[in-house]
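Please look over the sequence and the model shown here.

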Amino acid sequence: MFGDIGETKECQLKDPMDLFHSGQVVKICAPMVRYSKLAFRTLVRKYSCDLCYTPMIVAADFVRSAKARDSEFTTNKVGDHPLIVQFAAKEAQVLCDAARIICPFADGIDLNCGCPQRWAISEGYGACLINKPELVKDMVRHVRSQIDNPKFSVSIKIRIHEDLKKTVDLCQKAEAAGVSWITVHGRSIEERHQPVHYDAIKIIKQSMSIPIVANGDIKTLKDAENVHHLTEADGIMVARGLLANPAMFAGYEETPVQCIQDWVDIALEHGTPFTCFHHHLMYMMERITSKQEKKVFNVLSSTSAVLDYLNDHYGV
């Protein structure tokens, strides 16, 4: 991907902020470990997804190693835009260096300030950054000052504090530093499956003049509409809801057979590894298969076995 920098001129870069200025709620595919890679982004873009994120990439590894760059990030010149690359970082200059490398290939970067996993927090990444507003501000400001392209967006994705005043303070500091928009997952670091605090997202939205994106427990287009009404957010970011139904934003209640067919075609074309290919299908077929069918389908162990099953049962 990074071998021939000369090819980058043909990359059809876009200004993600145009989406937020369109007057429509922006429909966004979340950064998901292992899952929001090029093939899946290609699929959801066919079904009304406006903006896609890559999985989180550790900026220090990305800057240090060409091997990490090639394995962690792939895109294409035409269809995979607008595209946001999400980084885990804890030093302003490292984030800038990563942003500089990615700038010709993507439309913006996002700083992960929301990952609650223990490994991330122990390394100083992810959700622990919500307690370091000055560092977040510094990182945003550095990237802003070192990337020449004014259309290149710099966003952050956060969780909320128990004391919401702290979250508002963090967001206002980031806004002052030039952040393009902020995605708010409406749970604290400790909360996993508790209800999402959509009221908190609304308070943050009312305290800011930049776009705010709502995230957390959005499984259907109806949920997305409800959350938009509850929070007044400018965008809606979905993770597991899109895994279960990549056609969700196009208004389908469950994964249509055509979407399964599209996934098969795209995944084979991209050479998607079998495990990833199969896992996506297991998610997509969760709501449309019986327990008995799942028992059979979920233990299939080769692409040809999966293709035979889909052909026999779905005519795919």
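Which element gives the most residues to the lining of the largest pocket? Helix H11 (240-244) does, with 3 residues. This is a predicted model, in which local features need pLDDT of at least 70 and side-chain atom pairs count only at pLDDT 80 or more, while totals for chains, interfaces and linings use all residues. Residues are numbered from 1 along each chain, and side-chain values use heavy atoms, without hydrogens and water.

A pocket is an open set of points on a 1 Å grid over the protein atoms alone, where a 1.4 Å probe fits, with protein on both sides within 12 Å along at least five of seven lines; lining residues have an atom within 4 Å of a point. The largest pocket is lined by 39 residues, and Pro31, Met32, Val33, Pro116 and Gln117 lie nearest its centre. Among the elements that give two or more residues to this lining are strand E3 (57-58) and helix H4 (66-72). Helices (H or I, at least four residues) and strands (E, at least two) are DSSP runs, numbered from the N terminus.

The second largest pocket has 23 lining residues, with Arg34, Lys37, Thr272, Pro273 and Cys276 closest to its centre. H4 also gives two or more residues to this lining.

His161 is found in the loop between strand E6 (153-159) and helix H8 (164-177). His161 is buried (under 20% relative accessible area), at 9%. Its side chain reaches the backbone oxygen of Ile130 at 2.9 Å.

Notes
Buried < 20%, exposed > 50% of the residue type's maximum accessible area, 1.4 Å probe, protein only. Polar contact = N/O pair within 3.5 Å; in protein donor to acceptor, adjacent residues only side chain to side chain.
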